[in-house]
Amino acid sequence: MLALGIAVATLAAFIISSVFYALMPQGPPAKAAPQERPRPGQIVIELLRSATVSGLVAGLLVTAGWAGPAQGVLLGLALWALPVVLLTGSVLWEKAPARSAATHAVDWLIKLVAIGLILGLFT
């Protein structure tokens, strides 16, 4: 049953991110490049990334003995600290645009909460 939850969470994360980035403004018109459609290889890699995160969250839920959507959401919120720390470092040390980092942070928040919620329903 958990394997099905991981598959559902993986697809949900992929769809959530796809919709999120499709709806995000691309910046000032003069500087915005036309948005490209993802190549098949990029789609496969993104699905693998989502599956990896879903598997990790599932493993943490099971190992901790947690079950239910509330615990899944709490775990997703707690895990959100990791991408925030990494994205903050990229802004601080690599001069990545803060707006871009904030956009990615919101994407990760939504994805991790959704993954936790879905997997919580399957535990």
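Predicted model: local features only at pLDDT ≥ 70, side-chain atom pairs only at ≥ 80, totals over all residues.

Trainee: Where is Ser50, and what is it in contact with?

Mentor: Ser50 sits in helix α2. Helices are DSSP runs of H or I with at least four residues, strands are runs of E with at least two, and both are numbered from the N terminus. Neighbours within four places in sequence aside, Ser50 is in contact with Thr10, Ala13 and Phe14. Contact means heavy atoms within 4.5 Å.

Trainee: Why is Leu48 called exposed?

Mentor: Its relative accessible area is 53%, so Leu48 is exposed. Leu48 is also in helix α2. From Leu48 to Trp93 there are 45 residues in sequence and 28 Å in space, C-alpha to C-alpha.

Trainee: And what makes Gln71 partly exposed?

Mentor: The value is 33%, so Gln71 is partly exposed. Gln71 belongs to helix α3. Beyond its neighbours within four places in sequence, Gln71 is in contact with Leu61 and Trp66.

Trainee: What is the buried share of the chain?

Mentor: Of its 123 residues, 28% are buried. The chain has 5 helices and 0 strands. Among contacts between residues at least 6 apart in sequence, 82% join residues at least 24 apart.

Trainee: How do you know that the length of helix α1 agrees with its number of residues?

Mentor: Helix α1 covers residues 2–23, which is 22 residues. The expected span is 1.5 Å times one less than the number of residues.

Trainee: Which residues of α1 are buried, and what covers them?

Mentor: The buried residues of α1 are Gly5, Ala9, Thr10, Ala12, Ala13, Ser17 and Phe20. Their cover includes α2 and α5.

Trainee: Why is α2 called oblique to α5?

Mentor: Helix α2 (residues 40–64) and helix α5 (residues 98–122) have axes that come within 10 Å and cross at roughly 55°. Axes are lines fitted to C-alpha atoms, for helices over the stretch in contact, and angles run from 0 to 180 degrees between N-to-C directions. Under 35 degrees counts as roughly parallel, over 145 as roughly antiparallel, 65 to 115 as roughly perpendicular, and the rest as oblique. So α2 is oblique to α5.

Trainee: Which residues make the contact?

Mentor: From α2 they include Glu46, Arg49 and Val53, and from α5 they include Trp108, Lys111 and Leu112. By class, the contact of α2 with α5 has 8 nonpolar, 3 polar and 3 charged residues. Ala, Val, Leu, Ile, Met, Phe, Trp, Tyr, Cys and Pro count as nonpolar, Asp, Glu, Lys and Arg as charged, and the others, Gly among them, as polar.

Trainee: What makes α4 and α5 roughly antiparallel?

Mentor: They pack at an angle of about 175°, with axes 10 Å apart. Therefore α4 and α5 are roughly antiparallel. The contact residues include Pro83 and Val84 of α4 and Ala98 and His104 of α5. The contact of α4 with α5 divides into 9 nonpolar, 1 polar and no charged residues.

Trainee: How do you know that α3 and α5 are roughly antiparallel?

Mentor: The axes of helix α3 (residues 69–79) and α5 come within 7 Å and cross at roughly 150°. Therefore α3 and α5 are roughly antiparallel to each other. Their contact involves residues including Gly72 and Val73 of α3 and Leu109 and Val113 of α5. That contact of α3 with α5 has 9 nonpolar, 4 polar and no charged residues.

Trainee: One last item. What is the phi of Lys95?

Mentor: Lys95 has a positive phi of about 60°, although it is not a glycine. Most residues other than glycine have a negative phi. Lys95 lies in the loop between α4 (81–94) and α5. At 66% relative accessible area, Lys95 is exposed.

Terms used:
Residues numbered from 1 in each chain as written. Heavy atoms only, no water. Buried < 20%, exposed > 50% of the residue type's maximum accessible area, 1.4 Å probe, protein only.
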